[in-house]
Amino acid sequence: MTIRGFKNHPYIPNSVPEIEDEMLKEIGLNSIEELHEDVPDEIKLKENLNFPEALGSEYELKRHIEGILNKNKNCLENLNFLGAGCWQHYVPAICDEINGRGEFLTAYGGEPYNDFGRFQALFEYQSLVAELVDMEVVNVPTMDWTQAAATAISMASRVVGKKQVLVPRLMDREKLMAIKNYCEPVLEIVEVDYDKKTGCMCMDDLKKKISDKTAAVYFENPSYLGFIEVNGHKISDIAHELGALSVVGVDPISLGVIAPPPSYGANIVCGDLQPLGVHMNYGGGQSGFMATMDEEKYVMEFPSRLFGIASTNVEGEYGFGDVAYDRTSFGNYRENGKEYVGTQSALWGITAGVYLATMGPKGMEEVGQTIMQKSQYAVRRLNELDNINGSYFDSVFFKEFVVDFSKTGKSVKEVNKALLEKGIFGGKDLSEDFPELGQCALYCVTEVHTKTDIDKLITALEEIVL
Amino acid sequence: MKKIDRSCKVRKNFHQAKWDEAIIFELSQKGERGILVPKAETKISEKVGDGISKLPKNMKRKTVLNLPEMSQNRVLRHYTRLSQETLGADVNVEIGQGTCTVKYSPKINDQLSRIPKMAELHPLQDESTVQGILQIMYETDLYLREVSGMDRITFQPGGGSQGVFTMASLVYAYYKEKGEENQRNEIITTIYSHPSDAAAPHVKGYKIVYIHPDENGYPDFEAFKAAVSDKTAAFFVANPEDTGVYNKNILKFTKLVHEHGGLCGYDQANANGLLGVTRAKEAGFDMCFFNLHKTFSTPHGCGGPAVGATGVLKHIEKYLPAPLVDYDGEKYYLNYEITNNPYSVGKIRSFNGVAQVVLKAYAWIRSLGPEGLYQVAKTAVLNNNYLFKKLMELPYVDAPYIKGKQRVEQVRYTLEKLYNETGVSTADVQRRMMDFGMHYWQSHHPYYIPEPMTLEPTETPSKADLDEYIETLKFIFNEAYTNPEIVKTAPHQSVCHYIDESGMDDPEKWAVTWRSYQKKFK
């Protein structure tokens, strides 16, 4: 057998041979090979794993990985107009500073007595998001909006005791796939058609499909394709009339200027925290939230942890703890768990809290306004180009909009390839997800884009399509 | 000046940072702000106006947001203080969080994950522009295949529990194709596997069947034989279980399930003590998952972001969520072909998982190599058995099952005797440990082992660290007999004192947000 093991490794203090020997002796063994006595020989590996030897030093590791990552071309070196569920916003330095603090980065499942700051920071995150969405209860973050939406839908189903959910046809197809997988075979998901002119949910189709079997109507505002669902109130009313709930997914960075969902009848709100101070990370910055009013029938259907504030036995102190812990799979509900509690994306919740506190009411209002102005400017400029329709739908939009290239004679794929050669990441190609729209792409303009950036896009497109 | 006497290993003078820091809303000062936001240039506003007038009336925010108004340095100070009031693994001897493998997370890996070539990538960028991260994902897939024996890994699940959920989804998809999804409606697990092994399949509509341990702490094979049937969709189990007992008969279990046409899913949350020693494939599993934030050292981040990398054998591959990362000899690409069939589970998490966490796991694997991974497992088990031996020498500590034999990477102890003799409970010990800067975890509910204490040292602590932890526990156990009140009323040196949780289950009193608190406790 090959001699195995790596002595004196910097991450493994007790790999020092003398210490290893001393400890082995203490437990009555002669070599590390004698550990694992219960692992049967027939399933023990006889040779080392077959992959490259360790890099020789931290310096070599750094050089090696930086070398690989240098093959990437990122959204700072290029001009990026991609959104579609992951958005390029400015991340204030303070968000990175707090997010990188070793205490938060390496904490995990402690109690308030040792992880007091984690509890307070997450309680505050819950409180700050609650203000943003105008609700009273917010959970410790989930994996992403996709999971938050699936969870919110299931919560709604349990609250009203029905098994069918309506969702808009114009939603992220991948999110829909994940929701369907999450809900199968317990819930039935039915798509509601859209108004061809505005993209908004078709009221006639909604009325046709909703019934007393419907648990909830889920819709998003701004929608996946950027337009504002102006009929939010009507949708909620229709749902409520038949005993269903209104579940609304929302981009939180829009809420400094756009009405919060409860104002148009939402019972459960969900969304993604990534726009609030989290880098895109190739899609690794996503983090979901859910919110409801503080009513027992809703709170008891949250499957996630909810950190609540409490008193201690010393006056003048707050403590924190788990609200209704038994409702979770960590409590007494393992096999009857409404979902699974485990590691999700708590650090992004703390980061989102830092972002909201830094931005304050003024900052959130201003960023919302800037995004609206800049994205409207982009559409105006796009419309000046022959054969390009800057906004396929005739609706007010936030941050994202559907650009129609159908009349250019070029596919979105071709346009994007040509843009890439000019250092521009064009919008997401929608032609496969929504073929009925023709050659359309979803563009995203945020506060990070300057007039020069947008004009550069226009000039590039002018050269490509003319 | 006299040299400080360090012969006592217990940190009697420890005190955690306590800042009396207000709730963030209480720090608000009208007019203050934390950052200036980029404005639209004049030429833009000349062209489009204020932008928001376009909003339909009913969709405009009418009230001013009730967020705190704070200067930037006040926000920074607030959160830095809260971080100081958090005892992460970077600042304490982290042995006390059993089942979670809280090990050292090298700083270089975190720094690399933050560079703009990683952090500023959009998941929908053209493949030609993300060759670096795709290479990292592809190669990490290859390494994890080698560690597990599986044929393919997906990084989409955002944590171990979503890994279990993914396995449950794969099982459902597998039987759906065979038309057996209604017949095979049971998943068998053990009571000492993680709660998510029961809870996640339940989301997929499965009935959960539990196997209890036999007198030695191994899952009871006779009970298992009685439970396996043609209703069995799968057997989900952690091995070692959370007790640290490794089921040496695991092959008999997986074989029996296969004979009845079922699948086997391995919860490898406790894989740290087995790296390079044994693998899921050889133990007869069809699928498994690893917590990259645990075994592969990407830090826990207060509970994520993480990755529950899920591996499968060839016959399960086509049910995986899309896309997978592949290499054609020249370039790396997102492969939808394998999963582009009606039976694929489609999608579990948005985009392609938490790429920066995969990067950190890659860096960790590359800094250890095969010999290092083997050393990790061996030292983790050595540390655990050293701790185990030292604690079992104490008269008031016990650990049910396999007396005199080794455990793998953790042990679930019981302090039942201590409690019976002194009235000091495991919860009391937990709070008192905090007074010496130590973290300690009991176990998941329900407590199948009375007064539990679950410790997992991993490969990270030195012998001196282990001795300090042991000495601190001994100090407290001694207090339980000599001065139990000081333990029961702990903590005394922490940020806060004993928390009154009586309102936590009462809708009239619970408050999940500051808004609710103000409404209820004005």
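Me: What volume does the largest cavity have, and what makes it a cavity?

Reply: The largest cavity has a volume of about 90 Å³. This is a predicted model, in which local features need pLDDT of at least 70 and side-chain atom pairs count only at pLDDT 80 or more, while totals for chains, interfaces and linings use all residues; side-chain values use heavy atoms, without hydrogens and water. Residues are numbered from 1 along each chain as its sequence is written, with chains lettered from A and ligands numbered from 1 in the order in which they are written. The space is called a cavity because, on a 1 Å grid over the protein atoms alone, a 1.4 Å probe fits at its points but cannot get out. The volume is the space filled by probe spheres set on those points, which are joined across faces, edges and corners.

Me: Why does the size of chain B agree with a compact globule?

Reply: For 522 residues, a compact globule would have a radius of gyration near 24 Å, and chain B has 26 Å, so the two agree. The radius is taken over C-alpha atoms, and the rule is 2.2 Å times the number of residues to the power 0.38.

Me: What makes β1 and β3 of chain B edge strands?

Reply: Chain B has an open sheet of 7 strands in the order β1-β7-β6-β5-β4-β2-β3, with mixed pairing. β1 (152–154) and β3 (207–211) are its edges because each pairs on one side only, where pairing requires at least two DSSP bridges between two strands. Strands are DSSP runs of E, at least two residues long, numbered from the N terminus.

Me: How do you know that β11 and β14 of chain A pair?

Reply: β11(A) and β14(A) (residues 440–444) are joined by 5 bridges in the antiparallel sense, and the requirement is at least two, so they pair. Within this pairing, A:V402 has A:L442 as its bridge partner. Both strands belong to an open antiparallel sheet in the order β11-β14-β13.

How values were computed: On a 1 Å grid over the protein atoms alone, a cavity is a set of points where a 1.4 Å probe fits but cannot get out, and a pocket is an open set with protein on both sides within 12 Å along at least five of seven lines; lining residues have an atom within 4 Å of a point. Helices (H or I, at least four residues) and strands (E, at least two) are DSSP runs, numbered from the N terminus.
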